Amino acid sequence: MTLRASFSLAISRGFLAFLLATSLFGVMSGQAAQAAQAGDPRIERIAPVVRNGRIELDADVNFALNDQLRDAAQRGVPLFFTADLVIKRSRWWWFDHTVVNTSLTWRIVYNALTRQWRAGTGALSLPVASLDDAMDLVRHIRNWPVGATDQFESDVKYSGQLRVRLDTSMLTRPLQVNALNSSSWSPATPWTSFTFALARPAQ
């Protein structure tokens, strides 16, 4: 599916129009097709957009929690989810050039004493009403800044890949050992590919 949108950026000498064309392959492999059929975690939409002189990423993710993870979260075990993003530019004379290689991690935790859920990224953590409300941050990625527009050349096709996973590396050591031996602690979307290009600025 190809997504096309136009964006305008205000600058001191006027306005430059950018066209950000995206092409999302929702099912890029047999693995992704099986995941979609089985209801496993999967990326449903990826939309790179230009806002305020930078490329930001919006994405929708189908990511349901199994009973074991829900039970652990309700017992106060912090859950960490990480989105990994790679954007490359192909080069015929050499290996592809990696323009962006970044990640975004959410922390979801329940305080049994205050009976309050909190969710956020980095040092920012806000109260939310429920575990599902907390998971909405993971399922609906919005305004994720991934790079300035001057990192990308006009009329050049860039290829990206995105995945979202339960980040077991941030669990306590006993839970990390348990995660290695249990498929319930390893939910992740397949890598999902997309492409986009910035149109040449209008003169």
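β3 and β4 pair over nine bridges, in the antiparallel sense. Strands here are DSSP E runs of at least two residues, numbered from the N terminus, and two strands pair if DSSP finds at least two bridges between them. Heads-up: this is a predicted model, where local features need pLDDT of at least 70, side-chain atom pairs count only at pLDDT 80 or more, and totals for chains, interfaces and linings use all residues. Numbering starts from 1 along each chain as its sequence is written, and side-chain values use heavy atoms, with hydrogens and water left out.

Me: In what order do the three strands of the open sheet come?
Reply: The pairing in this open sheet is antiparallel. Its edge strands, β3 (42–51) and β9 (140–148), each pair on one side only. So the order reads β3-β4-β9.

Me: Which residue of β4 is the bridge partner of Ala-47?
Reply: Look in β4 for this one. The bridge partner of Ala-47 there is Asp-58.

Me: Is Asp-60 buried or exposed?
Reply: Asp-60 is found in strand β4 (residues 54–62). Its relative accessible area is 16%. Buried means under 20%, exposed over 50% and partly exposed in between (1.4 Å probe, protein chains only), so Asp-60 counts as buried.

Me: With which side chain does the side chain of Asp-60 make a polar contact?
Reply: A polar contact is a pair of N or O atoms within 3.5 Å; within protein, one must be able to donate a hydrogen and the other to accept it, and residues adjacent in sequence count only if both atoms are side-chain atoms. For Asp-60 the distance is 2.8 Å, and the partner is Arg-45.

Definitions and conventions
Helix = DSSP H or I, 4+ residues; strand = E, 2+ residues; numbered from the N terminus.
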